[in-house]
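Here's a quick briefing to go with the model on your screen. Keep the viewer open while you read.

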Amino acid sequence: MTTPSEQWIVSALRQATDRMPLPPESRWTRERQSTQHGSTIVLVGVAAALIIVVGMTIGALRVEPRAVPAAGGDAFAVAEDKEWRITRFAVASDLVVLRPTWIPSEFRGSVECPSPWALVGTGATPSRTSTSGYYVQYRGRLLPDGRSCAAFELYGQLGAFDDPKPVDGLVETSVDARGTTVHVRSGVPRTDLVPPPQLPEFVRELWWMESGAFYAVISYDPDLELVDLIRVVNSLEPMRSER
Amino acid sequence: MTAIAVDTALERVRWEAAYRSAFPRVYRGLCALGARPDEAEDALQDAFVKGLERRADQPVASVDGWIYVVASRAWRGRRLRERILLPWTLLTDREAPSLLDTPLEVLAALRRLPLRQRQIVVARYVVGLSQEETAELFGIARGTVSATTTQAIAALRRHMEVRE
């Protein structure tokens with residue numbers, strides 16, 4: 001590395017990474033507990049029961065609108081704006097990036113679960129450069145397992161996309177939104193694969209085609225109701241390309 | 001307490017100290033690669049446990065490098081498993097203007113590089129490994145590290161439209 005511009009890039013990279021916040025030191029060396037199948041089943045059962053109770057309670061108490069537009073001076077709005085700008089900047093200009101103008105306020109992040117987080121350019125097939133897509137995750141509270149966060153994600157990918165293969169445990173249906181058919185499937189995924197892959201305990205996926213691209217909103221939070229996910233879908237608006 | 005137990009306890013203390021020293025750089029390196037913060041945390045914890053299980057008579061040349069390589073493999077494995085439900089490909093090699101502030105811009109540009117280039121750039125300039133250490137850890141020739149680094153920096157420069 002000899003030229004000033006190369007040194008400048010390395011310096012910028014170091015500055016950027018030095019700014020990344022670290023998790024609390026108490027979490028650096030947490031040792032893994034082996035997953036107890038029985039306790040997982042109990043947890044899923046309790047979660048299923050809580051879906052109804054908490055869902056009804058939240059629904060009853062929800063009086064204030066929970067609109068979270070990407071505007072204003074709070075830290076979340078600033079972080080959200082940056083992540084979406086990174087997304088718009090990094091993906092192909094012919095992919096329409098759909099950004100939500102409303103999200104449930106529970107997904108504005110927390111100390112343990114910063115939100116949102118954009119991920120671009122980590123495709124499994126590095127040789128493929130003719131397609132592009134984005135992925136932005138909104139996170140909320142720390143889940144009872146103390147490790148994972150309640151979250152929902154937004155995907156966008158250029159081109160046609162085969163419908164995801166059926167997965168045991170997921171119930172499929174569809175709704176009308178954004179003037180098209182939005183496919184929905186939700187439940188607790190199961191698999192007979194050995195060894196079993198790491199699957200979420202609960203997933204709800206909504207996907208559709210629009211403007212020549214595939215889009216999806218995926219929730220891993222059983223407390224996040226379908227009606228709210230549909231509201232997120234309906235709130236999506238194209239981001240202007242800054243190229 | 002037996003002598004073996006004392007040795008084991010001492011080894012654990014040494015490993016934990018080395019791990020804690022490496023954590024900030026490797027954590028940020030994983031995030032720069034594209035891992036979410038929770039994924040980076042999980043991957044590092046995997047590496048910590050693997051390090052405890054590692055035989056004491058198999059020393060590593062660079063603790064930072066060893067943790068980085070093991071953690072980045074753990075992260076990639078987790079990502080691939082997650083894609084069972086909904087595979088997606090996120091790649092582009094489009095030119096992009098400099099519209100964002102520099103730290104964000106360089107991260108966005110980094111995320112657009114092929115994985116191997118990203119891994120080596122992060123190993124060299126975020127984790128702080130030498131060319132020799134990087135070559136050994138990735139099982140490649142030193143010249144390959146040098147060439148890959150040069151290509152990656154050139155690509156970052158193109159993405160960021162740096163003018164000399």
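Helices (H or I, at least four residues) and strands (E, at least two) are DSSP runs, numbered from the N terminus. With that in hand, R20(B) and E16(B) sit four residues apart in helix α1 (residues 3–33) of chain B, so they are separated by about one helical turn. This is a predicted model, where local features need pLDDT of at least 70, side-chain atom pairs count only at pLDDT 80 or more, and totals for chains, interfaces and linings use all residues; side-chain values use heavy atoms, with hydrogens and water left out. Residues are numbered from 1 along each chain as its sequence is written, while chains are lettered from A and ligands numbered from 1 in the order in which they are written.

**Confidence in chain A**

- The mean pLDDT (the predictor's confidence in each residue, from 0 to 100) of chain A is 73, and 67% of the residues of chain A reach 70 or more.

**Overall build of chain A**

- Chain A has four helices and nine strands, in the order α-α-α-β-β-β-β-β-β-β-β-α-β along the sequence.
- Of its 243 residues, 44% count as buried; buried means under 20% relative accessible area, exposed over 50%, and partly exposed in between (1.4 Å probe, protein chains only).
- When you take contacts in chain A between residues at least 6 apart in sequence, 58% of them join residues at least 24 apart.
- Chain A exposes about 12,000 Å², with carbon and sulfur atoms supplying 58% of it. These areas come from the Shrake-Rupley method with a 1.4 Å probe, and for residues only the protein chains shown count as cover.

- The peptide bond from S115(A) to P116(A) is cis, with omega near -5°, and P116(A) is found in the loop between β1 and β2 (117–119) of chain A.
- R178(A) isn't a glycine, yet it has a positive phi of about 55°. Its setting is the hairpin of β5(A) and β6(A), which has two residues between the strands.
- Eight bridges join β5(A) to β6(A), and the two run antiparallel; strands pair if DSSP finds at least two bridges between them.
- At 24% relative accessibility, R178(A) is partly exposed.
- S211(A), also not a glycine, has a positive phi of about 50°. S211(A) lies in the loop between β7 (203–210) and β8 (213–219) of chain A and is exposed at 51% relative accessible area.

- S115(A) is buried, with a relative accessible area of 8%.
- A polar atom of the S115(A) side chain lies 3.0 Å from the backbone oxygen of F107(A), and the S115(A) side chain reaches the backbone nitrogen of R139(A) at 2.9 Å.
- Leaving aside neighbours within four places in sequence, S115(A) is in contact with several residues, including F76(A), A79(A), Q137(A) and Y138(A).
- Over in chain B, Q131(B) is in helix α6 (residues 131–138), and a polar contact of 3.0 Å joins the side chains of Q131(B) and R142(B). A polar contact is a pair of N or O atoms within 3.5 Å; within protein, one must be able to donate a hydrogen and the other to accept it, and residues adjacent in sequence count only if both atoms are side-chain atoms.

**Salt bridges**

- The count comes to 12 salt bridges over all chains, each being a side-chain nitrogen of Lys or Arg within 4 Å of a carboxyl oxygen of Asp or Glu.
- D81(A) and R99(A) meet in a salt bridge at 2.9 Å, N to O. The pair links distant parts of the chain, with D81(A) in helix α3 (residues 75–90) and R99(A) in strand β1, 18 residues apart.
- D81(A) is partly exposed at 28% relative accessibility, whereas R99(A) is buried at 10%.
- R141(A) forms a salt bridge with D221(A), the closest N and O atoms being 3.1 Å apart. R141(A) is in strand β3 (residues 133–142) and D221(A) in the loop between β8 and α4 (226–235) of chain A, 80 residues apart.
- The side chains of R20(B) and E16(B) meet in a salt bridge at 3.4 Å, N to O. Salt bridges that share partners join E25(A), E16(B) and R20(B) into one network.

Note on methods:
Contact means heavy atoms within 4.5 Å.
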